[in-house]
Amino acid sequence: MKKILLSLILALSVLAPFNRASAQTAEVTQLILNIEKLNQLRKILKELKNGYDILVKGYDTIRDLSRGNFKLHEAFLDGLLEVSPAVKNYKRVADIIRFQQQLLGEYQAAFGQLRSTDYFNQDELGYMSGVYSRLINQSLKNLDALTTVLTNKKLRMSDDERLSAIDEIYEDMQQKLQFLRHFNATASVLALQRAKEYSDTEMIEQLYDVQP
């Protein structure tokens with residue numbers, strides 16, 4: 001029995017250093033693994049930070065570009081509110097004003113002459129007056145539109161758009177002047193026809209008056 005116990009004690013004494021060495025080896029291995037994991041984690045965190053920095057820089061760049069584009073856009077829009085000398089000095093601007101003066105002058109002269117005769121009754125004169133009034137009012141609206149196109153800070157339009165608007169007003173005013181002249185000419189022809197009829201009737205009446 002004593003021999004058996006002695007053998008066990010000797011065996012344990014031999015295994016004890018081995019067990020301690022194994023435990024130390026396991027701890028070292030675990031420590032190495034932990035260090036590797038820590039390094040991996042640091043690498044991941046660094047990559048995340050780099051990605052975040054890129055994202056922030058990209059956002060700042062986009063923001064700055066957006067602000068720059070907005071300023072350019074704002075300057076462009078403000079520029080559209082200004083009327084350039086090329087538009088203000090466009091020949092058709094003066095032509096439109098001249099058309100308006102001709103409309104007023106020819107209307108007043110023609111209506112005054114027609115009204116001074118006895119060849120039109122009140123209903124006919126009222127109709128003529130209505131036609132002239134509508135024509136003049138529409139021409140005045142064209143002048144208002146022209147003034148708006150030529151006034152700074154009124155409309156956001158490019159030079160080409162302003163010139164196109166002026167062309168439309170010009171053509172409309174020209175058509176109104178042509179219509180006025182046609183209307184006046186028709187009324188004058190009618191007045192001459194009635195004058196002739198009146199003259200012929202008066203002559204016939206005079207002839208009959210002198211008959212025995």
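A: Start with Glu124 and Arg194: their side chains form a salt bridge, with N and O 2.7 Å apart. (A salt bridge here is a side-chain nitrogen of Lys or Arg within 4 Å of a carboxyl oxygen of Asp or Glu.) Glu124 sits in helix H4 (residues 122-150) and Arg194 in helix H5, so distant parts of the chain, 70 residues apart, are linked. Helices are DSSP runs of H or I with at least four residues, strands are runs of E with at least two, and both are numbered from the N terminus. Glu124 is partly exposed, at 23% relative accessible area. Arg194 is partly exposed too, at 24%. The cut-offs are under 20% for buried, over 50% for exposed and in between for partly exposed (1.4 Å probe, protein chains only). Elsewhere, salt bridges with shared partners connect Lys91, Asp95 and Arg98 in one network.

A word on the basis. This is a predicted model, in which local features need pLDDT of at least 70, side-chain atom pairs count only at pLDDT 80 or more, and totals for chains, interfaces and linings use all residues. Residues are numbered from 1 along each chain as its sequence is written, and side-chain values use heavy atoms, with hydrogens and water left out.

The whole structure holds seven salt bridges. Another is Asp167 with Arg92, whose closest N and O atoms are 3.2 Å apart. Asp167 belongs to helix H5 (residues 159-210) and Arg92 to helix H3 (residues 91-116), and 75 residues separate them. Arg92 is partly exposed, with a relative accessible area of 26%.

Arg181 and Glu106 make a further salt bridge, at 2.9 Å from N to O. Arg181 is in helix H5 and Glu106 in helix H3, so this pair ties together parts 75 residues apart in sequence. Arg181 has 40% relative accessibility and is partly exposed. Glu106 is partly exposed as well, with 25%.

Now the setting. The chain has five helices and zero strands. Its elements run α-α-α-α-α from the N terminus. Of its 212 residues, 20% count as buried. The accessible surface is about 16,100 Å², and 60% of that belongs to carbon and sulfur atoms. (Accessible areas come from the Shrake-Rupley method with a 1.4 Å probe; for residues, only the protein chains shown count as cover.) Among contacts with a separation of 6 or more, 81% are between residues 24 or more positions apart. Contact means heavy atoms within 4.5 Å.

Helix H3 comes next. The expected span of a helix is 1.5 Å times one less than its number of residues. H3 has 26 residues and should span 38 Å; its end C-alpha atoms are 38 Å apart, which agrees. Buried residues in H3 include Val93, Ile96, Phe99, Leu103 and Leu114. Asp95, a member of the network with Lys91 and Arg98, is also buried.

Nonpolar packing follows. A nonpolar core is a set of buried Ala, Val, Leu, Ile, Met, Phe, Trp, Tyr and Cys residues joined through side-chain atoms within 4.5 Å. The largest one has 31 residues, and Ile96, Leu103, Leu114, Met128, Tyr132, Leu146 and Ile166 touch the most other members. H3, H4 and H5 each contribute at least two residues to this core. In soluble globular proteins, nonpolar side chains tend to be buried together. Beyond four places in sequence, Ile166 touches Val87, Tyr90, Arg92, Val93, Ile96, Leu146, Val149 and Leu150. Arg92 in that list is also the salt-bridge partner of Asp167.

Ser139 lies in H4 and is buried, with a relative accessible area of 0%. A polar atom of its side chain is 2.6 Å from the backbone oxygen of Ile136. (A polar contact is a pair of N or O atoms within 3.5 Å; within protein, one must be able to donate a hydrogen and the other to accept it, and residues adjacent in sequence count only if both atoms are side-chain atoms.) Leaving out neighbours within four places in sequence, Ser139 contacts Gln100, Leu103, Met173 and Lys176. Asn142 is also in H4 and is buried, at 12%. Not counting residues up to four places away, Asn142 touches Ile169, Asp172, Met173 and Lys176.

Last, the loop between H4 and H5. Lys153 is located there. Lys153 is exposed, with a relative accessible area of 55%. Its phi is near 65°, a positive value in a residue other than glycine.
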